[in-house]
Amino acid sequence: MELAREFAANEIAPTAAERDRTKAPPTEEFRKLGELGFFGMLIPEQYDGLALDTLTYMMVIEELAVADASVTITVSVHNSLPTSMLLQHGSEEQKNHWLPRMARGELAAFALSEADAGSDAASLRAQAVSDGSGWILNGTKAWVSHGDCAALLVVMARTDRPEDRRGARGISAFLIPRDMPGVQIGKPEDKMGLRSSQTVSVTLRDVRLSPEHLLGQEGHGFIYALEALDHGRLGVAAQAVGIARAALECSIQYAAERKQFDTPIKDFQGIQFKLADMATRVAAARALMYEAARRKDAGMDVTELAGMAKLYGSEMAMWVTTQAVQIYGGYGYMRDYPVERLFRDAKVTEIYEGTSEIQRIVIGRGLHAQQR
Ligand code: COS
């Protein structure tokens with residue numbers, strides 16, 4: 001934890017604003033994070049990972065997100081989505097091939113969404129057609145985090161036939177090396193926040209896949225992706241807590257330095273109350289995500305709790321960063337001060353890995369399931 005805090009403060013935070021401005025990918029930061037094992041946090045030691053528990057992993061994600069959420073999203077996606085899918089469902093050959101590389105920092109990306117399949121992810125249309133010995137895959141995936149610099153893409157695609165659609169059960173997961181013929185990476189999106197994290201489309205044109213590329217069982221890929229998203233949503237919750245903590249820490253410092261009416265603004269009760277509410281909500285979101293992590297580490301199902309941690313954490317981060325901009329006043333609206341970036345970075349935590357509305361659906365369904 002100490003290492004994560006020091007690395008975040010010394011190696012990531014000082015250049016975060018510059019990366020936000022230039023959208024330069026954090027290539028050097030990724031290299032160092034890889035050397036230190038941060039891309040293998042959840043990978044067992046037998047595959048050269050650090051084998052951390054979920055709780056410690058989430059504490060690390062929070063520390064990194066205090067420094068720069070753009071860097072953190074890659075650490076979070078890589079460690080939670082493709083890693084957990086491979087660990088849960090990969091064959092021994094697939095694990096031996098990919099996990100040690102991933103632990104050393106060869107990035108893996110997760111490609112589920114498509115332009116017309118966001119919240120309704122099961123309506124995706126990328127199609128893998130069986131050719132007897134394998135599949136030929138065509139389609140375009142949208143909003144793939146770090147897809148441009150990943151060595152491995154975990155791609156969800158249909159394997160059911162158009163005349164025999166099976167909904168969520170017609171989707172399979174494939175492990176696709178990014179340098180395979182037919183894989184084309186689009187231009188990075190121009191985003192509101194997380195600007196140095198490269199979000200790309202991935203076009204798959206006649207990509208020839210053999211059975212070694214299939215992850216787990218045919219037709220189970222959507223369920224594997226949702227399982228992995230339970231984990232990923234915990235990472236987003238930790239990221240949201242980190243962004244909000246950074247906004248709170250900036251605001252405390254600024255309120256002590258900024259004087260109006262000959263008084264540091266921290267001495268005005270209006271500001272004190274704001275800071276108190278911000279600190280309380282950050283602590284509450286952290287407690288919720290810790291509880292979810294503890295239950296996950298105890299082997300319990302955390303689908304609803306992960307949804308709650310993400311829902312509460314992301315809405316908390318948006319609220320806290322909004323208060324931070326308000327405390328900074330006119331300066332908060334300027335790019336020269338960090339709270340403006342934190343405000344923009346917080347927004348996407350309410351959107352990716354399942355919008356707040358989707359989290360409410362997941363939580364609501366869980367409540368009804370408990371009644372049965
Ligand atoms: N873990 C394991 N399996 C799960 C699961 C979970 N968390 N949630 C659902 N499943 C299973 C269901 O049990 C069902 O299995 P059966 O076929 O055996 O019945 C299957 O997955 C399909 O589930 P469901 O019928 O609930 O699917 P829906 O199409 O109704 O979608 C939501 C459910 C809306 C919750 C899902 O599509 C979702 O999470 N959407 C958001 C996607 C997302 O987060 N995208 C961001 C991508 S990363 S930027």
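Across the interface of domain 2 and domain 3, three residue pairs are found in polar contact, both residues at pLDDT 80 or more. A polar contact here is a pair of N or O atoms within 3.5 Å; within protein, one atom must be able to donate a hydrogen and the other to accept it, and residues adjacent in sequence count only if both atoms are side-chain atoms. The structure is a predicted model, in which local features need pLDDT of at least 70 and side-chain atom pairs count only at pLDDT 80 or more, while totals for chains, interfaces and linings use all residues. Residues are numbered from 1 along each chain as its sequence is written, and side-chain values use heavy atoms, with hydrogens and water left out.

The chain is divided into domain 1 (2-107), domain 2 (109-218) and domain 3 (223-370), with bounds that come from an automatic or database domain assignment. The C-alpha centres of domain 2 and domain 3 lie 30 Å apart. Contact, meaning heavy atoms within 4.5 Å, links 12 residues of domain 2 with 12 residues of domain 3. Between them the two domains bury about 980 Å², 70% of it on carbon and sulfur atoms; buried area is the accessible area (1.4 Å probe) that two parts lose on being put together, summed over both. On the side of domain 2, the most area is lost to domain 3 by S119, M192 and L194, which together account for 48% of what that side buries. That side comprises six nonpolar, four polar and two charged residues, where Ala, Val, Leu, Ile, Met, Phe, Trp, Tyr, Cys and Pro count as nonpolar, Asp, Glu, Lys and Arg as charged, and the others, Gly among them, as polar.

Attention now turns to helix α10. Helices (H or I, at least four residues) are DSSP runs, numbered from the N terminus. Seven of the 10 residues of α10 (residues 338-347) are buried, so the helix is largely enclosed by the rest of the structure; buried means under 20% relative accessible area (1.4 Å probe, protein chains only). These buried residues are V339, E340, R341, L342, R344, D345 and A346, and they pack against α2 (16-22), α4 (54-67), α5 (69-89), α7 (221-257) and α9 (303-328).

Within α10, E340 has a relative accessible area of 11% and is therefore buried. Its side chain makes polar contacts with the side chains of R335, at 3.2 Å, and R344, at 2.7 Å. Leaving aside residues up to four places away in sequence, E340 touches G332, Y333, M334 and R335.

Methods: Buried < 20%, exposed > 50% of the residue type's maximum accessible area, 1.4 Å probe, protein only. Helix = DSSP H or I, 4+ residues; strand = E, 2+ residues; numbered from the N terminus.
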